[in-house]
Amino acid sequence: MTTPLTFPDKNEGVVDRRRLLKAAAALAATGVTMHAASAATVTPFGQTGALTPSTDPLPLGPLPGSRYPDSHLESMKPKVSFGPSDFPAFAGTMAVERVATGMRWAEGPVYFAAGRYVLFSDIPNNRIMRFSEDDGHLSIFRQPSMNSNGNTIDREGRLITCEHSGRRVTRTELDGSITIIADKYNGKKLNSPNDAVVAADGSIWFTDPVYGIGGFYEGLKAEPEQEKHNVYRVDPKSGDVKVVVDDFVEPNGLAFSPDEKKLYVCDTGFTDGPDKPSHIRSFDVDLGAGKVSNSKVFADMPKPSITDGVRCDTEGRVWCSVGWGDPNEDGVRCYTKEGDLLGKIHIPETVANLCFGGQQRNRLYICGSSSLYAVYTSVQGALKP
Ligand code: MG
């Protein structure tokens, strides 16, 4: 058995190799193997070379106290069971695991099937992380990342990234070069692109709240140049950037239904005031025209919790993050496409985003504050996020 280890001791700035080796030897004696990549490459909290075994790391593996059926998986149906008759998302032998830790604030997961890895942003540390699911290897994919936030993948397998300090959306080409997809609208800088999704026609849809220019922690402080916090669409042929929706307070995570007839967009406007929204809106999509209509509130969040990220499975169920409010609500919610709450995944940290991954697209990866969590499910993520 190989158990990846990280050493999130933010108070230590010096590599103590003797302690590291001693710890490795002690672990080897117990049959637990120190993960080479974690020990050699990943520095928690953005330190370079600062690897000191902590006496109090968040443990990796199944969450403490887990016993099948995992109590972190909650069905909203009466007579709870995790069989196909109620909430058909989990089998009894599935459990929530913490698979990586040591981030300051994790967001924007995206899964690359060809390489079997998850990329996700660690915004304050100005880096994109890579979690390889074959061996639990955690490493830095890109640093600096221009305080990247949301990531997604296009139909050609290229990485699409929203950057706070870059105030732009970029595409990482297959040769590794970076192309700017959008950094302006009407001749003025975007606020701070937050999350993106790519439609079947190649159009890129993204949100542009102001979170990334509010200070120097997750970006660079600046005055917004866009009066409204819009949802935009980038035309796949011309590259033109057009506003799709202009009445959000703070548009955030977004996803298409599997048939692309619906668009779901989170509004985390509650961060701007108690009377502001904390919900997911749904729209009918006219993909050919690049327009949406029939705006509805799809699901209200339990304030003060907000939902930052959303994904759909192949059956059109809507999975969203929950965080920043009651700790008992921290985690993931799953709704029917009609908006009925089916179940919750309880996570011991505030959750921002999620994505489906795994070789069968049946493993849900969850960005929860300092850590990346994962749980196998009985469903499959929509073919493209
Ligand atoms: Mg977001």
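Predicted model: local features only at pLDDT ≥ 70, side-chain atom pairs only at ≥ 80, totals over all residues.
Local features require pLDDT of at least 70, side-chain atom pairs count only at pLDDT 80 or more, and totals for chains, interfaces and linings use all residues. Residues are numbered from 1 along each chain as its sequence is written, and side-chain values use heavy atoms, with hydrogens and water left out.

The protein chain has two helices and 28 strands (DSSP runs numbered from the N terminus: helices are H or I with at least four residues, strands are E with at least two). Of its 385 residues, 57% are buried (buried means under 20% relative accessible area, exposed over 50%, partly exposed in between; 1.4 Å probe, protein chains only). The accessible surface comes to about 16100 Å² (Shrake-Rupley method, 1.4 Å probe; for residues, only the protein chains shown count as cover). Carbon and sulfur atoms hold 51% of that surface. Among contacts (heavy atoms within 4.5 Å) between residues at least 6 apart in sequence, 51% join residues at least 24 apart.

The magnesium ion has protein donors Asn194 (OD1), Asn252 (OD1) and Asp308 (OD), at 2.1 to 2.2 Å. Donors are N, O and S atoms within 2.8 Å of the metal (3.2 Å for Na, K and Ca); water is not among the atoms, so sites may look incomplete. Along the chain, the donor spacing is N-x57-N-x55-D. Asn194 lies in the loop between strand S13 (188-189) and strand S14 (196-198), whereas Asn252 lies in strand S18 (residues 251-256), 58 residues apart. Both Asn194 and Asn252 are buried.

The whole structure contains 12 aromatic pairs. Rings of Phe, Tyr and Trp (its six-membered ring) pair if their centres lie within 6.5 Å; planes under 30 degrees apart count as stacked, over 60 as edge-to-face and the rest as tilted. Tyr111 and Tyr365 are stacked, because their ring centres are 6.2 Å apart and their planes meet at 15°. Tyr111 is buried at 9% relative accessibility, and Tyr365 is buried at 0%.

Phe298 and Tyr335 pair edge-to-face, at 5.8 Å centre to centre and 70° between the planes. Phe298 belongs to strand S21 (residues 291-300) and Tyr335 to strand S24 (residues 331-335), 37 residues apart. Phe298 is buried at 12% relative accessible area; Tyr335 is buried at 3%. Phe90, Trp319 and Phe356 form one aromatic cluster.
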